[in-house]
Amino acid sequence: MVQAGLFHMILRSCRRAVAPSPGLVLISPPFLYALILLAAPIVGVVMLSFWSQDFLEIQRDFTFANYQTAWTERVYQVLMLRSIKVALLVTVATVLLAFPMAYFLSFHIPKRRKQLWLFLITIPFWTSYLVRIFLWKVILGYNGVINGTLTTLGIIDEPLRFILYNQAAVVMTLSHAWAPFAVLPIYVALEKIDRSLLEASVDLGDGPLRRFFRITLPLAMPGVVAAVLIVFIPTVGDYITPNLVGGPNGLMIANMIEVQFKKANNDPLGAALALSAMALVGTMALLFIWATRKYLRSPS
Amino acid sequence: MSIRSSALLSLYVGFFLIFLYAPTLLLPLFAFNDSTIVAFPLSGFTTAWFAGLLDVPALHEATINSLAVALTSAVLATCLGILAARATTRYRFRLMHGMLGLIMLPMVLPEMIIAVAFLVVILHLGFSLSLFSIILGHVLLCTPFSVAILRTAFQGLDHNYEDASTDLGYSRWATFRLIIVPMVLPGVVASLLISFTISLDEFIIAFFLSGTETTLPVYIWGQLRFPQRVPNVLALGTLLLAISLGLMITAEFFRRRGLRKLGLSTQESVL
Amino acid sequence: MNNDPIIRINRVRKSFGPVCAVSEVTLDIAPGEFFTLVGPSGCGKTTLLRMLAGFETPDGGSIRIDGTSMIGVPANKRPTNMVFQNYAVFPHMSVADNIAYGLRAARVAKGEIIGRVEEALAMVGLAGYGARSPAALSGGQRQRVALARALVLRPKVLLLDEPMSALDKKLREQMQVELRTLQRTVGVTFVLVTHDQEEALILSDRIAVMFEGRIAQVATPHDLYQRPQSREVADFIGVMNFLSAHATVSTPDGMTVEIEGLGQVTIPRSQAPANLGDDPVVGIRPEMLTILQDGTHAAGRSARGSLVDLQY
């Protein structure tokens, strides 16, 4: 009996091996590509982060030293905290900026115009990212658009220095860069709200404000959560903006990772910094999803 | 909503759009401004900055590199995208969501991580950096976008169409050629154009992985250090914006035509 | 006329994983017949139809169409054509190209294609619609295109998978009449799948009622309605009142039962299968009942009752 059962099992697994699902065959090339060129390199980075580097020579002895340095040395702590802080500020600013816009798109634009408006909002995004960030430097600079205009108008005698090369400039520039990405998911969530729910809320006695906080906002939460994640995760690792408009006090962790890999020739420390940042961001993202889970359940 | 709060909201939308468009509108303005200092007031109209782009060999080289990288990446990413989209819309199999998740991961990963991971592997395996390494990275980055676009295209492809074609006498291959390809073609074109645009604009991966040959964004990055070169950069940025916009409008046109053909709504956008 | 069955289904089974969709179905369908497979959703009727078309392979048993075994014959090589539930009219081709699609596969000469497409369009009442795009057609028109596209190939069997389910009630009734007329005109064997018992009764020459992968009864609409062979079938086809009874006398001619409140009733043998036990269930169609005033003399059997509710 047992033997027959075993034989049957082997036969079945053989048959499965001979004829795999056509879907599996089709997805193999893109999956293997991602596995070899994304998953494997990340494993490589993990391994590297436990090694050490002596000038150009990699020492393959297991060590926690890189993580110790990354988490305890003042300079890295400052950069990591600043990156998180800037990303949080950018996220809050972007979502607050984007929500009314998405609300306007969803509730105040006639259906046939919505596509055009969506396109209108995404156009600025198609300016070269580098050039776009650089233009903020031009707008905020010492001889820039804001200072130039204010001086010409006689409102100020001397150009303002505090508007460029600081964290505020970084936050503003990044908020601008991410605005369309935050509008879209919130808009989609608002569009999905059954309009009769809003009418029911008024019918049951809610005023506009109470309706917004009791019905509209909770139902739009999946969009808000998506917007938060879309903005927050990549912002922590942004390189260009702090470099161009951040000044010495606006630099973030990505700039330090680049320094470790290029000028400082300390790849293992760079790897440990990158992974630490990723772990921190990942944990925060998961905590956020957990905290908002009651809004994310789909009605079924 | 009361008239007053409605007016307030409209006012806000006005400010939001100004904020959103400020850099984009200033770009062509200063690109045609006859002054090396980028500030108001404007001093006069000139096309000199555009003309100045013509005699920079390094720029031409970077442009050709960028076009080659973007074209190759777009084609490869779209091929991978077609396979993943077809596999996940037509079939169900074990670990499908996990596999799709890994393929889509680069969409949410900071580019810095991808760049660093690539750098580590390429250098430690003893390969040298080249345009090829940039292409590998860009394909990884573009594939999720391609998959997202093509999945909508393939989802519109009810498998009854394939059954009907077989039932009417065609083989699988003929069905693929006569039914599937024409129906998803607009999606394929949209995927090619969007991947091309993303690759053309990508900086971090190109910056980390470029050896002696650079792409356009890396070239621009180098130029930003020289104040006297800034107007040229702005002229170049204006050109790139025009090209990107052209490609995007074409992509959106094809995508919508495809959806209309399939009798689907065109309400949802690419992004 | 050749009276051999055009379709012979013999002990066909099909499972999807642990779910048994069709089990041991045996069925003969005569040439020129309008045959309907009816049953609740998930009863295996669509799976059986798709096995006839060649989209699903039976796990066991045999299917012969016009005397030829269909085992291993792919869908594109079978003498059957199908009208799909959502019609599957190719959206990127004109109406004429849709209808010519199968003719091109069969490498019919160009000149002949034009003629046959015209003919098919006229047959379904869409003459002059050839150049239109399917997007510009209504649901009913799309269904006609799907019909024309399948019939233009002169199949031996036309398979129809819930063709009316997407149409509204009025259009559905109109299309049912047209479909029946069309079938009589072309003389092709139609095999229809539907969950709508009314539609099955209106359209078919014969009906097979399916429950959970098995055929419960095959009969003409009249017999199915008048002489259902099981409570399940009686319940599914039309409306039926069920009363529990007690058998008193059973002879070869019939069965006498005692129904509570109604007294003794003798049921002819043709409506009372011999193997019923001592406590059978008796079904009465509501239209067989008449309500009379108190004291009025009834022609047949009568019982007293009170009127509780009235619906129009």
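Trainee: At what angle do helix α9 and helix α10 of chain A pack, and how far apart are their axes?

Mentor: This is a predicted model. In it, α9 (residues 195-203) and α10 (residues 208-236) of chain A pack at an angle of about 145°. Their axes lie 10 Å apart.

Trainee: Why give an angle and a distance?

Mentor: Because two packed helices are described by the angle between their axes and the distance between the axes.

Trainee: What is the handedness of the crossing where α9(A) passes α10(A), left or right?

Mentor: α9(A) passes α10(A) in a right-handed crossing.

Trainee: Which residues in α9(A) and α10(A) meet?

Mentor: From α9(A) come A:Leu197, A:Leu198, A:Ser201 and A:Val202. They meet A:Arg211, A:Arg214, A:Ile215 and A:Thr216 in α10(A). Contact requires C-beta atoms within 7 Å. By class, this contact has four nonpolar, two polar and two charged residues.

Trainee: How many residues of chain B and chain C are in contact?

Mentor: 17 residues of chain B contact 19 residues of chain C. On the chain B side, α7 (159-167) and α8 (172-201) each supply at least two residues. α7(B) gives the most, with six residues.

Trainee: How do the residues of the side of chain B that touches chain C divide by class?

Mentor: Eight are nonpolar, five polar and four charged.

Trainee: What makes β13 and β14 of chain C edge strands?

Mentor: Start with the order. Four strands form an open sheet, β13-β12-β11-β14 in chain C, with antiparallel pairing. β13 (263-268) and β14 (281-284) of chain C each have a single partner strand, so one side of each is left without a neighbour in the sheet. From one strand to the next, the twist averages 45°.

Trainee: How do you know that β12(C) and β13(C) pair?

Mentor: Count the bridges. Pairing needs at least two bridges between the strands. Six bridges join β12 (residues 254-259) of chain C to β13(C), and these strands run antiparallel. Therefore they pair. Within β13(C), C:Thr266 stands opposite C:Thr256.

Trainee: Into which domains is chain C divided?

Mentor: Into domain 1 (7-226) and domain 2 (239-312). These bounds come from an automatic or database domain assignment. The C-alpha centres of the two domains lie 40 Å apart.

Trainee: What pLDDT does chain C average?

Mentor: Chain C averages 87, and 96% of the residues score at least 70. That scale runs from 0 to 100. The model as a whole scores ipTM 0.81 and pTM 0.77.

How values were computed. Residues are numbered from 1 along each chain as its sequence is written. Chains are lettered from A and ligands numbered from 1 in the order in which they are written. This is a predicted model: local features need pLDDT of at least 70, side-chain atom pairs count only at pLDDT 80 or more; totals for chains, interfaces and linings use all residues. Two residues are in contact if their C-beta atoms, placed from the backbone, lie within 7 Å. Ala, Val, Leu, Ile, Met, Phe, Trp, Tyr, Cys and Pro count as nonpolar, Asp, Glu, Lys and Arg as charged, and the others, Gly among them, as polar. Axes are lines fitted to C-alpha atoms, for helices over the stretch in contact, and angles run from 0 to 180 degrees between N-to-C directions. A crossing is left-handed if the near helix is turned anticlockwise from the far one by less than a right angle, and right-handed if clockwise. pLDDT is the predictor's confidence in each residue, from 0 to 100.
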